[in-house]
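Subject: Structure handover

Hello,

Here is the structure I promised to pass on. Please open it alongside this note.

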Amino acid sequence: EAGVLQDKHNGDIPPDVTGLMALPGIGPKMAHLCMLIAWKEVTGIAVDTHVHRISNRLRWVRKPTSTPEETRKSLEEWLPSSEWSTINLMLVGFGQQRCLPVRPNCKECFINNTCPVGCGLERLHGKKRKHADALEKKA
């Protein structure tokens, strides 16, 4: 609400993650994006549904995570902070165009030979992918 910004922040947005998250409707993802865009400060990784899903599919998290916030913390443990500002942009587009939540386009994917789902090593939604069965039969 504009009134909150006017009353508590002189019409501006708060200059820190905690202040941003105190605003109605602002969570960690948006707070970190705001810090990057408005204040040119990298404070964390903005993890949305695409970053969360793909990070888990690629096993970029130490153990499977169930929330974007868990994924953010896990990624920040190992990903150099110099990459934090770019990973969201990179994975959001990839998740919207190629690595879809249902029926990802693994056949056309440029990393399908290293992705646990793309190369058939991992089940997707509890069902093994057809080409995964073929790979196992050959082995």
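Below is what was found in it, from the overall fold down to single residues.

**Ground rules**

This is a predicted model: local features need pLDDT of at least 70, side-chain atom pairs count only at pLDDT 80 or more, and totals for chains, interfaces and linings use all residues. Residues are numbered from 1 along each chain as its sequence is written, and side-chain values use heavy atoms, with hydrogens and water left out.

**Overall fold**

The chain has seven helices and zero strands. Its pattern along the sequence is α-α-α-α-α-α-α. Helices (H or I, at least four residues) and strands (E, at least two) are DSSP runs, numbered from the N terminus.

Of the 139 residues in the chain, 37% are buried. Buried means under 20% relative accessible area, exposed over 50%, and partly exposed in between (1.4 Å probe, protein chains only). The accessible surface comes to about 8,900 Å², and 56% of that belongs to carbon and sulfur atoms. Those areas come from the Shrake-Rupley method with a 1.4 Å probe; for residues, only the protein chains shown count as cover.

Contact means heavy atoms within 4.5 Å. Among contacts between residues at least 6 apart in sequence, 43% join residues at least 24 apart.

**The cores**

A nonpolar core is a set of buried Ala, Val, Leu, Ile, Met, Phe, Trp, Tyr and Cys residues joined through side-chain atoms within 4.5 Å. The largest one has 18 residues. Those with the most contacts inside it are Ile45, Val51, Ile54, Leu75, Ile87, Leu91 and Phe94.

Take Ile87 as a way in. Not counting residues up to four places away in sequence, Ile87 touches Ile45, Val51, Trp60, Leu75 and Leu79.

**His50**

His50 lies in helix α4. At 14% relative accessibility, His50 counts as buried. Its contacts, leaving aside neighbours within four places in sequence, are Leu91, Val92, Gly95 and Gln96.

Helix α3 covers residues 28-39, 12 residues in total. At 1.5 Å a residue it should span 16 Å, and its end C-alpha atoms are 15 Å apart, which agrees. The expected span is 1.5 Å times one less than the number of residues.

Which residues of α3 are buried? They are Ala31, His32 and Met35. Seen down the axis of α3, these buried residues fall within an arc of 95 degrees, so they line one face of the helix. The arc is that of the directions from the helix axis to the C-beta atoms. What covers them includes α2 (17-21) and α5 (68-78). Just after α3, Lys40 takes a positive phi of about 55 degrees.

Pro15 sits in the loop between α1 (2-9) and α2. Pro15 and Trp39 are 24 residues apart in sequence, yet 7.0 Å apart in space, C-alpha to C-alpha. Pro15 touches Met35 and Trp39, not counting residues up to four places away in sequence.

**Salt bridges**

There are three salt bridges in the structure. A salt bridge is a side-chain nitrogen of Lys or Arg within 4 Å of a carboxyl oxygen of Asp or Glu.

- Arg62 and Glu77 meet at 2.9 Å, N to O. Arg62 lies in the loop between α4 and α5 and Glu77 in helix α5, so the pair ties together parts that are 15 residues apart in sequence. Arg62 is exposed at 66% relative accessibility, and Glu77 is exposed at 53%.
- Glu69 and Arg72 meet at 2.4 Å, N to O. They are three residues apart in helix α5, about one helical turn. Glu69 is partly exposed at 27%, while Arg72 is buried at 12%.
- Arg72 and Glu76 meet at 2.8 Å, N to O. Both lie in helix α5, four residues apart. Glu76 counts as buried, at 18%.

Through shared partners, salt bridges join Glu69, Arg72 and Glu76 into one network.

Best wishes
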